[in-house]
Amino acid sequence: MSTRVSIQTEDFDLSTEVARLRETEKGIGAVCSFIGTVRDRNDGQHISTMELEHYPGMTEKSIEAMIDEAHRRFDIFGARVIHRVGLLQPLDQIVLVAVSSAHRGQSFQACEFLMDYLKTQAPFWKKEQTPEGARWVDARVSDDAALARWGIAATNS
C-alpha cells in the first residue's frame with residue numbers, strides 16, 4: 001500500500017479503505033478495523049463540536065514510525081491510519097485504523113496497539129465546545145495505562 005497515513009478534513013469510507021489495504025497481498029486472511037467517532041458527551045458534559053489540530057509533517061512522521069513499530073511487533077502485512085482534523089460534529093468519524101495479516105490475532109493486536117499509541121502519543125490537539133465554553137482535552141490516565149501494557153511510557157505529560 002503506497003499511503004499508510006492520511007491526515008485530512010474530509011470523511012473516509014471504510015469499504016474503500018479496506019479494499020485498498022487488501023489489494024496488494026494474496027495471503028491476507030484477516031483485516032481488523034477500528035473507527036472512532038465524535039461523542040456528544042465527555043466527562044458528563046454535552047459536546048456540540050470538536051476541533052482537532054495537528055502539526056503537518058510531524059504528525060504524519062510520528063504515525064509512520066508507529067506503524068513501523070507495529071510491523072516489528074506483529075506479523076502483519078499492512079496498516080492504514082486516517083485521522084481527521086478540523087471542526088467535527090457528534091457522530092462524525094474521526095479516526096480509522098485498519099490492519100491486515102494472515103490470521104486474526106495479529107490484526108486485532110496490531111490494531112489495538114496502533115489505537116493505544118494514537119490516543120496518547122500522536123501529536124493532535126483536541127478542543128471541545130461545551131455549553132460552558134471551549135476546553136482543550138488532555139490524554140486520559142486510562143489511555144496512558146493502555147499504552148503502558150505494550151511496554152511504552154507515555155510522553156505526553
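In what order do the four strands of the open sheet with mixed pairing stand? The order is E1-E6-E8-E2. Strands, like helices, are DSSP runs numbered from the N terminus (helices H or I, at least four residues; strands E, at least two), and two strands pair if DSSP finds at least two bridges between them.

This is a predicted model, in which local features need pLDDT of at least 70, side-chain atom pairs count only at pLDDT 80 or more, and totals for chains, interfaces and linings use all residues. Residues are numbered from 1 along each chain as its sequence is written, and side-chain values use heavy atoms, with hydrogens and water left out.

Strands E6 (residues 76-84) and E8 (residues 93-101) run antiparallel and are joined by seven bridges; Ile82 has Leu96 in E8 as its bridge partner.

Axes are lines fitted to C-alpha atoms, for helices over the stretch in contact, and angles run from 0 to 180 degrees between N-to-C directions.

| Helix | Lies across | Angle |
|---|---|---|
| H2 (residues 58-73) | E1 and E6 | about 155° to E6 |
| H3 (residues 104-120) | E2, E6 and E8 | about 145° to E8 |

Another open sheet has four strands in the order E7-E5-E9-E10, with antiparallel pairing. Strand E7 (86-88) and strand E10 (133-137) each have a single partner strand, so one side of each is left without a neighbour in the sheet. The twist averages 25° from one strand to the next. Five bridges pair strand E9 (residues 124-130) with E10 in the antiparallel sense, and Glu128 stands opposite Arg135 in E10.

How values were computed: Contact means heavy atoms within 4.5 Å.
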